[in-house]
Amino acid sequence: MRKVIVIDGTHLRGRYGGYLVAASAQDANFQVFPIAFGILNSENDEVWTWFMTKLTEAIPDDPELVFVSSNRQNSVYASIRKVTW
């Protein structure tokens, strides 16, 4: 796995609603693969922190790990700072 994790989320439309978040990465052959995903009831600091905490169970600790997010919410950045890798 390359040391770049892409995190993104989208609102779910329909009867139940919610928010889908996902973390993906690339391997050495430039193939994209999912690492984790979650369906949340809303988008806020608490749920992003929960997702990042669960992500630490799948990703080993590495000081060179980089997170990329197209989501410009402060909740994503705050949760990365709260959760220690």
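Modeller: Two rings of Phe, Tyr or Trp, the last taken by its six-membered ring, form a pair if their centres lie within 6.5 Å; planes over 60 degrees apart make the pair edge-to-face. The model before us is predicted.

Biologist: How many aromatic pairs does the structure hold?

Modeller: A pair of aromatic rings is described by two quantities, the distance of the centres and the angle of the planes. In this structure there are 2 aromatic pairs. For Y19 and W48, the ring centres are 6.4 Å apart and the planes stand at 75 degrees, so this pair is edge-to-face.

Biologist: Which residue forms an aromatic pair with F51?

Modeller: W48 does, and its pair with F51 is also described as edge-to-face, with 6.1 Å from centre to centre and 85 degrees between the planes. W48 and F51 are both located in helix α1, where a spacing of 3 residues amounts to about one turn of the helix.

Biologist: Are the residues W48 and F51 buried or exposed?

Modeller: The cut-off for buried is a relative accessible area under 20%. Both W48 and F51 are buried. For W48 the relative accessibility is 0%, hence its assignment as buried. Y19 is likewise buried, because its relative accessible area is 3%. Taken together, the ring pairs join Y19, W48 and F51 into a cluster.

Biologist: With which residues is S79 in contact, leaving aside its neighbours within four places in sequence?

Modeller: S79 is in contact with W48, T49 and M52 once those neighbours are set aside. S79 itself is placed in helix α2 (residues 74-82). Its relative accessible area is 1%, so S79 is buried.

Biologist: Let us turn to charged groups. How many salt bridges does a search of the whole structure find?

Modeller: Side chains of opposite charge can pair when their charged atoms come close. The search of the whole structure returns 3 salt bridges. In one of them the side chains of K3 and D62 meet, at 2.7 Å from N to O. K3 is in the segment before β1 and D62 in the loop between α1 and β4, so that this pair links parts of the chain 59 residues apart. K3 counts as partly exposed because its relative accessible area is 35%.

Biologist: With which residue does K3 form a salt bridge whose closest N and O atoms are 3.5 Å apart?

Modeller: That partner is E64. E64 lies in the loop between α1 and β4, while K3 lies in the segment before β1, so the bridge ties together parts that are 61 residues apart in sequence. E64 has a relative accessibility of 53% and therefore counts as exposed.

Biologist: Which side chain meets that of E57 in a salt bridge?

Modeller: The side chain of K54 meets that of E57, at 3.8 Å from N to O. E57 and K54 are 3 residues apart in helix α1, so about one helical turn separates them. E57 is exposed, at a relative accessible area of 62%, whereas K54, at 39% relative accessibility, counts as partly exposed. Salt bridges with shared partners also join K3, D62 and E64 into one network.

Biologist: Which residues form a nonpolar patch on the surface?

Modeller: V4, V6, V66 and V68 form the patch, and together they have about 270 Å² of accessible area. Strands β1 (4-11) and β4 each contribute at least two of the patch residues. V68, for example, is placed in strand β4. With a relative accessible area of 39%, V68 is partly exposed.

Biologist: Where does S69 lie?

Modeller: S69 is in strand β4, which covers residues 66-69. A polar contact is read from a pair of N or O atoms within 3.5 Å. Here a polar atom of the S69 side chain lies 3.2 Å from the backbone oxygen of I7.

Biologist: Which residues does S69 touch, not counting residues up to four places away in sequence?

Modeller: S69 touches I7, V76 and Y77 on that count.

Key
Residues are numbered from 1 along each chain as its sequence is written. This is a predicted model: local features need pLDDT of at least 70, side-chain atom pairs count only at pLDDT 80 or more; totals for chains, interfaces and linings use all residues. Side-chain values use heavy atoms; hydrogens and water are left out. Rings of Phe, Tyr and Trp (its six-membered ring) pair if their centres lie within 6.5 Å; planes under 30 degrees apart count as stacked, over 60 as edge-to-face and the rest as tilted. Buried means under 20% relative accessible area, exposed over 50%, partly exposed in between (1.4 Å probe, protein chains only). Helices (H or I, at least four residues) and strands (E, at least two) are DSSP runs, numbered from the N terminus. A polar contact is a pair of N or O atoms within 3.5 Å; within protein, one must be able to donate a hydrogen and the other to accept it, and residues adjacent in sequence count only if both atoms are side-chain atoms. Contact means heavy atoms within 4.5 Å. Patches are made of residues with over 30% relative accessible area and no salt bridge: like charges are joined within 9 Å, nonpolar side chains (Val, Leu, Ile, Met, Phe, Trp, Tyr) within 5 Å. Accessible areas come from the Shrake-Rupley method with a 1.4 Å probe; for residues, only the protein chains shown count as cover. A salt bridge is a side-chain nitrogen of Lys or Arg within 4 Å of a carboxyl oxygen of Asp or Glu.
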